[in-house]
Amino acid sequence: MTTLPPAERMPHILKHYRNIAVVGLSPHPHRASFDVARYMQANGYRIIPVNPNATEVLGEKAYPSLTEAARHEKIELVNCFRNSADIPPVVDEAIAIGAKAVWMQLGISNPAAAAKAEAAGLLVVQDHCIKIDHRVLQSRGLLDTAARTGAASA
């Protein structure tokens, strides 16, 4: 799957991977992670909060780790709101749980961890905001979100 050209990765991920574990999702509405996750949730994606200091975020049970979340939830995409230096163990967990993709938010990148994820067959996006990219792709007609949202809730 990592053979997808970079321009096709984001649309592919956003079309096909609807269950998103958000690592570092804050329960505080003023934080970027909360705003981005709320937007994705409102657009038909299932949000799975991963934060050891929270019990619930956006009406969803929060888990202390990806590994623990994967025991209870199907995780396709791991969206990272962690410092770049903290990404390697997140990628290790994403690989271990069988995630399909890792998305590092705007300002977050770790080339070594990205290479490891890609070598394990995961799609990787670095230094991009999933909310912004979703809006752009949707406005260009590259995401069939209305149909996907309907299918996801059926």
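View 1. Of its 15 lining residues, Val23, Gly24, Val50, Pro52 and Arg82 are the closest to the centre. Helix α4 (residues 87-97) gives the most to the lining, with 3 residues. A pocket is an open set of points, on a 1 Å grid over the protein atoms alone, where a 1.4 Å probe fits, with protein on both sides within 12 Å along at least five of seven lines; lining residues have an atom within 4 Å of a point. Helices (H or I, at least four residues) and strands (E, at least two) are DSSP runs, numbered from the N terminus.

Two notes apply to every view. Residues are numbered from 1 along each chain as its sequence is written. In this predicted model, local features need pLDDT of at least 70, side-chain atom pairs count only at pLDDT 80 or more, totals for chains, interfaces and linings use all residues, and side-chain values use heavy atoms, with hydrogens and water left out.

**View 2. Helix α2 meets helix α6.** The axes of α2 (residues 32-42) and α6 (residues 130-139) come within 9 Å and cross at roughly 35°. Axes are lines fitted to C-alpha atoms, for helices over the stretch in contact, and angles run from 0 to 180 degrees between N-to-C directions. From α2, the contact uses Asp35, Val36, Tyr39 and Met40; from α6, it uses Ile130, Lys131, His134, Arg135 and Gln138. Contact means heavy atoms within 4.5 Å. By class, this contact has 4 nonpolar, 2 polar and 3 charged residues.

**View 3. Helix α1 crosses helix α6.** Their axes come within 11 Å and cross at roughly 95°. That makes α1 roughly perpendicular to α6 (65 to 115 degrees). Met10, Pro11 and Leu14 of α1 touch Ile130, Asp133, His134 and Leu137 of α6. This contact has 5 nonpolar, 1 polar and 1 charged residues.

**View 4. Ile13 is buried in helix α1.** Helix α1 spans residues 6-16. The relative accessible area of Ile13 is 0%; buried means under 20%, exposed over 50%, and partly exposed in between (1.4 Å probe, protein chains only). Beyond its neighbours within four places in sequence, Ile13 is in contact with Leu77, Ala101, Trp103, Leu123 and Val125.

View 5. Leaving out residues up to four places away in sequence, Ser26 touches Arg31, Ser33, Phe34, Asn51 and Val57.

**View 6. Leu58 and Asp127 have positive phi values.** Neither is a glycine. Leu58, with phi near 55°, is in the loop between β3 (56-57) and β4 (60-61). Asp127, with phi of about 55°, is in the loop between β7 (123-125) and α6. Asp127 is partly exposed, at 38% relative accessibility.

Terms used: Nonpolar A, V, L, I, M, F, W, Y, C, P; charged D, E, K, R; others polar. Parallel < 35°, antiparallel > 145°, perpendicular 65-115°, else oblique.
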